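The report below describes a single protein chain, moving from local backbone features to the overall fold. Please read it alongside the sequence and the model.

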Amino acid sequence: MAVVHSISLPPGEYGGDAVQRLFTNQLDWEAHPYYQGIKGLQVSAHFFVRRYGGVIQFVSCDQRAWHAGVSQWRGRDNCNDWSVGIELEGLEGGVFEDAQYLQLARLLCALTRRYPLFEAVGHEHVAPGRKADPGPGFDWPRLRSLLRRQGPRLPVLQRPKT
Ligand SMILES: [Zn+2]
């Protein structure tokens, strides 16, 4: 599965290197007051998609990254054990750039060719009540139609009927 997230550090500021620093345990906690609130946080994601479409990979998809936390989808716990984490540079609830949708779709296509990916969902869906990213500004139907155009049969956010 692919789990889509949003992140920016400090929140709402784009283009810096703080997210890369966080995911590689090199963030200077003193560099911004906001960082005091997340001090010591040890997280990682497989990919980071910048506002204008640059893609950075931090963790091999053959290895686990720490992006989902306490999570569950379709009755399976610990999504970190069986998912790829993709962070979009952005704000929870905010909108995302055209380039990010295109690169996300390209990335998911590439992953689908290499791994038995069965679905793409949001962090908010695997950790409801605890996490809210990427939030209502993320256009799931748009991702769905981009993927359909590119060919892979990867369902996007098919809510399980429970
Ligand atoms: Zn997240």
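Arginine 74 lies in the loop between β4 (72–73) and β5 (76–77); helices (H or I, at least four residues) and strands (E, at least two) are DSSP runs, numbered from the N terminus. The model is a predicted one, in which local features need pLDDT of at least 70, side-chain atom pairs count only at pLDDT 80 or more, and totals for chains, interfaces and linings use all residues. Residues are numbered from 1 along each chain as its sequence is written.

**Local backbone features**

Although arginine 74 is not a glycine, its phi is positive, at about 50°. This residue is partly exposed, because 13 other C-beta atoms lie within 10 Å. Asparagine 25 counts as exposed because it has 10 C-beta neighbours inside 10 Å.

The protein chain has 5 helices and 7 strands, which follow the pattern β-α-α-β-β-β-β-β-α-β-α-α along the sequence. An open sheet of 5 strands has the order β3-β2-β6-β1-β7, with mixed pairing; two strands pair if DSSP finds at least two bridges between them. Strands β3 and β7 stand at the edges with a single partner strand each, so one side of each lacks a neighbour in the sheet. On average, neighbouring strands of this sheet are turned by 25° against each other, direction ignored. Axes for such angles are lines fitted to C-alpha atoms, for helices over the stretch in contact, and angles run from 0 to 180 degrees between N-to-C directions.

Strand β1 runs parallel to β6 (residues 84–89), joined to that strand by 6 bridges. Within this pairing, alanine 2 stands opposite valine 84, and valine 4 stands opposite isoleucine 86. Strand β1 also pairs in the parallel sense with β7 (residues 120–122), over 3 bridges, and here alanine 2 is opposite alanine 120. Since 6 of the 6 residues of β1 (residues 2–7) are buried, this strand is largely enclosed by the rest of the structure. In a regular strand the side chains alternate between the two faces of the sheet. Here Ala2, Val4 and Ser6 point one way from β1, while Val3, His5 and Ile7 point the other way.

**Helix α3**

The 17 residues of α3 (residues 98–114) should span 24 Å at 1.5 Å a residue, and the end C-alpha atoms are 25 Å apart, which agrees; the expected span is 1.5 Å times one less than the number of residues. Buried residues in α3 are Gln100, Gln103, Leu104, Ala105, Leu108 and Leu111. Their cover includes β1, β2 (47–49), β3 (55–57), β6, β7 and α5 (140–150), where contact requires C-beta atoms, placed from the backbone, to lie within 7 Å. Arginine 106, also in α3, is partly exposed because it has 16 C-beta neighbours inside 10 Å. Arginine 106 and leucine 147 are 41 residues apart in sequence, yet 8.0 Å apart in space, C-alpha to C-alpha.

**Core and overall dimensions**

The largest nonpolar core has 35 residues, and those with the most contacts inside it are Ala2, Val3, Val19, Ile86, Leu104, Leu108 and Ala120. The elements giving two or more residues to this core are β1, α1, β2, β6, α3, β7 and α5. Such a core is a set of buried Ala, Val, Leu, Ile, Met, Phe, Trp, Tyr and Cys residues joined through C-beta atoms within 7 Å. Beyond its neighbours within four places in sequence, valine 19 is in contact with Ile7, Ser8, Leu9, Phe48 and Glu89.

Of the 162 residues of the protein chain, 35% count as buried. Residues 24 or more positions apart account for 65% of the contacts with a separation of 6 or more. Along its principal axes the C-alpha trace spans about 45 × 30 × 30 Å.

Notes. A residue is buried if 20 or more other C-beta atoms lie within 10 Å of its own, exposed if 12 or fewer, and partly exposed in between; C-beta atoms are placed from the backbone. Two residues are in contact if their C-beta atoms, placed from the backbone, lie within 7 Å.
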